[in-house]
Amino acid sequence: MLVLFNGYGQDDAVEERVYDYAGENHKCFKCHGHKTFHYYNDQMGQEVRERMNPYYIVDSSEFYTSNHWNFSCFDCHSYEYENFPHPNELRFEQLPACLDCHGGDDTYEDRNWEQINDEFLKSVHSTKHSIDFNCNMCHDPHTYKINARTNENIKQTIQYDNGICLSCHANINKYQLIVDFVNPNVLKTHDWLPNQALHWQNVRCIECHAEIKEDMLISHNIQPKEKAVRKCVECHSQNSLLLASLYKHQVKESRSKYGFFNAAIMNNSYIIGANRNYYLNLISLIIFGLVVVGIGIHGTIRIIKK
Amino acid sequence: MSEEKLYLYPVWLRIWHWANALMFLVLIITGLSLQYSGVEGTFIRFDIAVKYHNIAGIILTINFLFFVLANRISGNRKYYRIKYKGFPKRLMKQFRYYVYGVFVHEPKPYPISEKRKFNPLQKLSYVMVMFVMMPVIIITGFGLLFPETNIENVFGLSGIYLTDLLHIITGFVLSIFMIVHIYFCTFGKTLGSDFKSMFTGWH
């Protein structure tokens, strides 16, 4: 059993965690946590050092800060992996799907696992790629951690979540695991977007590409590209859709005490058209009105006194 | 007694003035459309408004730099120099004329001459507009055009937000200035004579 203070990389919350399976998992990590591993080869009668397949490396520090931090490797993988060399047939091992554990999970009822699955089945990820595309494609169970509801730093959430999309859409090796065609260049397909870099630093891909669901924090219904948001005003307006997506967790009031509409957005960013100030609007209207009335009165008197 | 005609507005100044006025109009219309954009309906489509606001802003900037340079070369800047001694008194005199004197047909306290193109109130407002507000709106405008140049966080607030706030407040004041400026251009010999002067150059 290992006890560690874990910064978790989010906020300043430091919590004491007891890692129940650290000892057991160490047996796996001593090989799969490194770029090389070594073993004693009986036939050769010597210690052998080999390179680990990079796709089978799991960063233990990432694992122990992920959502599954207190899992044993054997919760998902066969106990037979304890043997080395690993039996060949384990390559065909069927790994559990997310819903095998999370389905009907009362502990995290608010996460709506079944609804997430229903939405995912409607998405292009599922309809175009059927069973080849599973939850693990985006949510690596070894490293995935929730962000939107725990991290108050929106920019970190955006970077993390966009990284998930780009792990396929900007990485041909992973992309061609499920499709044959050439990976589209996201820079080129989004070249119509003004201030492209700024947008990508401040909104997640899913803001425009996922259908917004009122009762879900993160919609998993990724829409066909034809249905992606392209109208600027869907975000750049007082009823910005970002309030129902990126800032959903932070939106508690429509106007702050200082009179700013969509104040939740303003702490992290500024969106032309979405951040208006009620009092400034009012003052500007009053001043404009007074000027027009003043000129009207002055002009009228001039005409009368002519 | 017929007043002698004065050639006060050389060609460069008239071109600058009307280009400035046109860009002001484009910037006000597109700027308002951007500020009050909405899903339910926007005056000008957002991306089009952004495009023309940016183009007009760049032209306005070039025009402003031209104005500063031409003012220096031609000597026109002398008209903007404020002599501080007795200036508040002169301001009050002009103010009194606008709120009272003009109605009782008093003579203008500071009539236009070859040496004095602007009355004290005009001088103050033009100096504020051209040498304070224009630089502010241009600098903040470029801050919004190149958002990566903004300080990310200023005392917990988005730097780009503060830049935009300064931009729209200055834009609003300049819009008000334009309305008042147009009204005061009706104070010439006839309602349209000052407008005509800015086309012919002759006052």
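Author: Read from the N terminus on, the order in chain B is α-α-α-α-β-β-α-α. The model is predicted, so local features are described only at pLDDT of at least 70 and side-chain atom pairs only at pLDDT 80 or more, while totals for chains, interfaces and linings use all residues. Residues are numbered from 1 along each chain as its sequence is written, and chains are lettered from A and ligands numbered from 1 in the order in which they are written.

Start with the overall dimensions. Along its principal axes, chain B has C-alpha atoms that fill a box of roughly 60 × 35 × 35 Å. Of its 203 residues, 18% are buried; the term applies when 20 or more other C-beta atoms lie within 10 Å of a residue's own, while 12 or fewer make it exposed and anything in between partly exposed, with C-beta atoms placed from the backbone. Contacts say how the chain folds back on itself, and two residues are in contact if their C-beta atoms, again placed from the backbone, lie within 7 Å. Among the contacts in chain B with a separation of 6 or more, 65% are between residues 24 or more positions apart.

Helix α1 (residues 11-35) of chain B packs on α2(B) at an angle of about 150 degrees, and their axes are 8 Å apart. An axis is a line fitted to C-alpha atoms, for helices over the stretch in contact, and the angle runs from 0 to 180 degrees between N-to-C directions. α1(B) and α2(B) are therefore roughly antiparallel; that name is for angles over 145 degrees, with under 35 called roughly parallel, 65 to 115 roughly perpendicular and the rest oblique. The crossing of α1(B) past α2(B) is left-handed, meaning that the near helix is turned anticlockwise from the far one by less than a right angle, whereas clockwise would be right-handed. The contact between α1(B) and α2(B) holds 17 nonpolar residues, seven polar and no charged ones. In this count Ala, Val, Leu, Ile, Met, Phe, Trp, Tyr, Cys and Pro are nonpolar, Asp, Glu, Lys and Arg are charged, and the others, Gly among them, are polar.

Helix α2 (residues 46-74) of chain B also meets helix α4 (residues 120-145) of chain B, where the axes come within 11 Å and cross at roughly 140 degrees. That angle makes α2(B) oblique to α4(B). This crossing, too, is left-handed. From α2(B), the contact uses Asn54(B), Gly57(B), Thr61(B) and Phe64(B), and from α4(B) it uses Met134(B), Ile138(B), Gly141(B) and Leu145(B). By class, these are four nonpolar, four polar and no charged residues.

One loop residue deserves a look. His105(B) sits in the loop between α3 (87-99) and α4 of chain B. Its phi is positive, about 60 degrees, although His105(B) is not a glycine. Because 8 other C-beta atoms lie within 10 Å, His105(B) is exposed.

Chain B also touches chain A. The contact takes 22 residues from chain B and 25 from chain A. On the chain A side, helix α13 (residues 278-304) of chain A gives the largest share, seven residues. By class, that side of chain A has 12 nonpolar, 10 polar and three charged residues.

Chain A has 13 helices and four strands, and 17% of its 306 residues are buried. An automatic or database assignment divides chain A into domain 1 (1-95), domain 2 (100-230) and domain 3 (276-306). Over C-alpha atoms, the centres of domain 2 and domain 3 of chain A are 52 Å apart.

Two loops of chain A end the tour. The peptide bond from Phe84(A) to Pro85(A) is cis, with omega near -5 degrees, and Pro85(A) lies in the loop between α2 (60-63) and α3 (98-102) of chain A. Asn195(A), in the loop between α9 (186-189) and α10 (196-202) of chain A, has a positive phi near 45 degrees without being a glycine. With 15 other C-beta atoms within 10 Å, Asn195(A) is partly exposed.
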